[in-house]
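This report covers side-chain packing, aromatic pairs and backbone geometry in the structure shown below.

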Amino acid sequence: MSTSEVSALSPHAFRERFPEITVGFNWPRFEAESWPVTRLTLTDPTALSRYHTFFRYSLGRINGHFLHWLAMRQMRVDEVLAKLARVPEPHRSSIIHFADLYRSGPAPIRLEIPSFALPDGGQYIMDFNHRVCGLALSGMALELDVFSIVGPVSKDVLKDATHCRPRP
């Protein structure tokens, strides 16, 4: 289950709430054009599994180098978990660490995450990818507050958003 609402979160407040975002995002344009930020409360693990991560897949490799970028696409949470044994260290250890941490605590697991809305209704996770994958791996009940930027999708806005496409 999930619910959505338009948030009063301004671009400045969004940046203050999530200061550690390192993905290639056009902060000046976001702030100048004041794109809306929606707040989605997510409790459905199946919906979470369809969120796009910063992990990339190309030519059989996860986060490959150089020539692998030619056919790159962003992986969804469910794809990361299906290929967890092939996720490079230390990413794999971090995901497993968070899964173990969540399993040892009370449920539901509550997190706030930043995302970018995709045209097909999907979401690109801008930060907390290891935590989100760990949460999905843990199987614990969840309650996520997803703060999602609704802006134009292009390489000059969010570098990896144009690589968020369905599995072949």
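In this predicted model, proline 114 is in contact with Phe14, Phe18, Ile21, Tyr124, Ile125, Met126, Asp127, Phe128 and Phe147, leaving aside its neighbours within four places in sequence. Proline 114 belongs to strand 6 (residues 109–117). Its relative accessibility is 0%, so proline 114 counts as buried. One of the contacts, isoleucine 21, is 93 residues away in sequence, yet the C-alpha atoms of proline 114 and isoleucine 21 lie 8.5 Å apart.

The largest nonpolar core has 45 residues, and the members that touch the most others are Phe14, Phe25, Tyr51, Phe116, Met126, Leu144 and Ile149. Strand 8 (residues 142–149) supplies the largest share of this core, with 5 residues.

The whole structure holds 13 aromatic pairs. The rings of phenylalanine 14 and tryptophan 27 have centres 6.2 Å apart and planes at 40 degrees, so this pair is tilted. Phenylalanine 14 sits in helix 1 (residues 11–17) and tryptophan 27 in helix 2 (residues 27–33), 13 residues apart, and the pair thus links distant parts of the chain. Both residues, phenylalanine 14 and tryptophan 27, are buried. Phenylalanine 30 and tryptophan 35 form another tilted pair, because their ring centres are 5.8 Å apart and their planes stand at 40 degrees. Phenylalanine 30 and tryptophan 35 are both buried as well. One aromatic cluster is made up of Phe14, Phe18, Phe25, Trp27, Phe30, Trp35, Phe116, Phe128 and Phe147.

Turning to the backbone, most residues other than glycine have a negative phi, and most peptide bonds are trans.

| Residue | Phi | Relative accessibility |
|---|---|---|
| Serine 34 | near 45 degrees | 46%, partly exposed |
| Phenylalanine 128 | near 70 degrees | 26%, partly exposed |

Serine 34 is placed in the loop between helix 2 and strand 2 (37–42). Phenylalanine 128, a member of the aromatic cluster, is in the loop between strand 7 (123–125) and helix 6 (129–138).

Where do cis peptide bonds occur? One joins glutamate 89 and proline 90, with omega about 0 degrees, and another joins alanine 107 and proline 108, also with omega about 0 degrees. Proline 90 lies in the loop between helix 4 (77–82) and helix 5 (91–103), whereas proline 108 is found in the loop between helix 5 and strand 6.

Methods. Residues are numbered from 1 along each chain as its sequence is written. This is a predicted model: local features need pLDDT of at least 70, side-chain atom pairs count only at pLDDT 80 or more; totals for chains, interfaces and linings use all residues. Side-chain values use heavy atoms; hydrogens and water are left out. A nonpolar core is a set of buried Ala, Val, Leu, Ile, Met, Phe, Trp, Tyr and Cys residues joined through side-chain atoms within 4.5 Å. Buried means under 20% relative accessible area, exposed over 50%, partly exposed in between (1.4 Å probe, protein chains only). Helices (H or I, at least four residues) and strands (E, at least two) are DSSP runs, numbered from the N terminus. Rings of Phe, Tyr and Trp (its six-membered ring) pair if their centres lie within 6.5 Å; planes under 30 degrees apart count as stacked, over 60 as edge-to-face and the rest as tilted. Contact means heavy atoms within 4.5 Å.
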